[in-house]
Amino acid sequence: MHRTIFLIDVEKYGDKSRTTPDLLTLRKGLYEALETAFLRCALPWPDSRLDDAGDGLFVLVPAEVPKSAFVERFPEELAAAVRAHNDRHPEHARMRVRVALHAGEIAYDEHGVASPAIIKAFRLLDAPVLKKALADSRGVLVLACSAWFFEEVVLQSADANAATYRRVKVKVKETRETAWIARPDDPYPPAARRAARKRWRVAVAAVVVVAVAAVGLKLVVDARRATFLGDPRTVDPCALTYAEALSHYGRVEATDHYGNFDRCDALVHLASDPGDVVDVRVQLVSDAYEPGLPVQQDGEIGIQRLPAEPDRCSRTLLLPDDAQVVIQADQDGDEKVDLCGMTEAVLASALSRLQDHRIKRRDLPPESLAVKEACPLLDPAAVKGALGDGPMEQTPSLTNWSCRWDYTDRPGVVKVIFDRTEAEELKGTPLPLPGFGARLQPASRSDTSCAVAIVYRTYPDEKHVDTDELVIVDVENSAARPDRLCEPARRLATTVAHRLRS
């Protein structure tokens, strides 16, 4: 039988500070909060099958009940009922909850129920990324939807506030799934991040099916990032930038000696005010897709246009293998200029070259930091040694010129980023490291971080300007003051320096 699958779990139910009376109060409060939310939303509490999981509940809702009810008023009503419970009880008997939503076919027998859909729902509920979302929230509830539930229910409801959901990857035991997370009483900022990408996914699926038939599954998996661009580390981003298209805005200088190695910047000195510079950047990435934006297909490439901001305009080209090309214009000055017009001019050039597979390659100088990779410079053991034990996820960038390690059960992330800047622009307190000069930079990348910038080498660029190649070790934690993060950043930077030398 088809059922909506609803799971709820109390955060840190087994905390040692909770007594048996506290646990009983929590269980009673959970039942009462859930029943209150069901009845306020006209959902069939008596007709739903409930199973007690000790620290949570497992509810199967009849198929005839509209699923949209669970993502419209219900999350806010449940959060309100949980807060009402907390207002009536002391700290140790208060709760915050995680919710998972899925739907599917359920089989019944004399002992209960069984279904792959139920297993998937429990994996969503147990996902470290969902636990981290609650740990980072100021609210009392986080909600995870399966990809199917999000696309078929959330996106189809005008009242579900899909723009506040965030797409995540769930990795629990044998499960590898995409899911969507919302924080109803502490919502993520509405952003153009939530919409179906069906046409795009169909195009990708067609490419994968053809590739599987031609070369077998293993080759498709091994070559995902190299299918369209080839080796992304040798793609020349400047070859995708038609700087001449910007010349009527002012004097243009294109450079690939700024920022990471995966980008090229066209600096436009405006004709009306040469001191006002617009930076039009082309960058190769793998995390810029915005699910909340429509995708315009141009052949096998998708195009997303982000809403313009006063000082920024961005476009994203979605390639068939999940790589993206971001084209973005940024302005610091006050002169009014058509930033989106600049972006569209460069987009047309990049799209043409990509569609024609005129992707120019470049050589990576053997003495450059560009021949190295960021992820091998640290590992989870080193991060845990500096910041403490806990489950962790490592994520490389498309080119492996940056890498990050995220704690999945609490705030905390470490990043290793390759960067470049003019030598005289490097700020911070000098910090000696084995074999390298470095600068300590508290709160330089965010208000809740501390970074160490390691100078890998200094070289003259094509304009004979001394330029530093940098390895930035950035420690971020929203729950700690920046000065508390500088010692872990220094320790991790020392590890990176030793590995750079070897």
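**Close-up views of a loop residue and a helix**

View 1. Leu426 is buried, with a relative accessible area of 13%, where buried means under 20% relative accessible area, exposed over 50% and partly exposed in between, computed with a 1.4 Å probe on protein chains only. The residue lies in the loop between strand E19 (413-422) and strand E20 (429-430); strands (E, at least two residues) and helices (H or I, at least four) are DSSP runs, numbered from the N terminus. Leaving aside residues up to four places away in sequence, Leu426 touches Arg439, Gln441, Ala453, Val455, Asp468 and Leu470, contact being heavy atoms within 4.5 Å. The C-alpha atoms of Leu426 and Thr467 are 9.7 Å apart, although 41 residues separate the two along the chain.

**View 2. Span of helix H1 (residues 20-40).** At 1.5 Å a residue, the 21 residues of H1 should span 30 Å, which agrees with the 30 Å between its end C-alpha atoms; the expected span is 1.5 Å times one less than the number of residues. Just after H1, Ala42 takes a positive phi of about 60°.

View 3. The buried residues of H1 are Asp22, Leu26, Gly29, Leu30, Ala33, Leu34, Ala37 and Phe38. They cover an arc of only 160° around the axis, which puts them on the same side of H1, the arc being that of the directions from the helix axis to the C-beta atoms. Their cover includes strand E1 (2-10), strand E3 (56-62), helix H2 (74-87) and strand E4 (97-105).

**Notes.** Residues are numbered from 1 along each chain as its sequence is written, and side-chain values use heavy atoms, without hydrogens and water. In this predicted model, local features need pLDDT of at least 70 and side-chain atom pairs count only at pLDDT 80 or more, whereas totals for chains, interfaces and linings use all residues.
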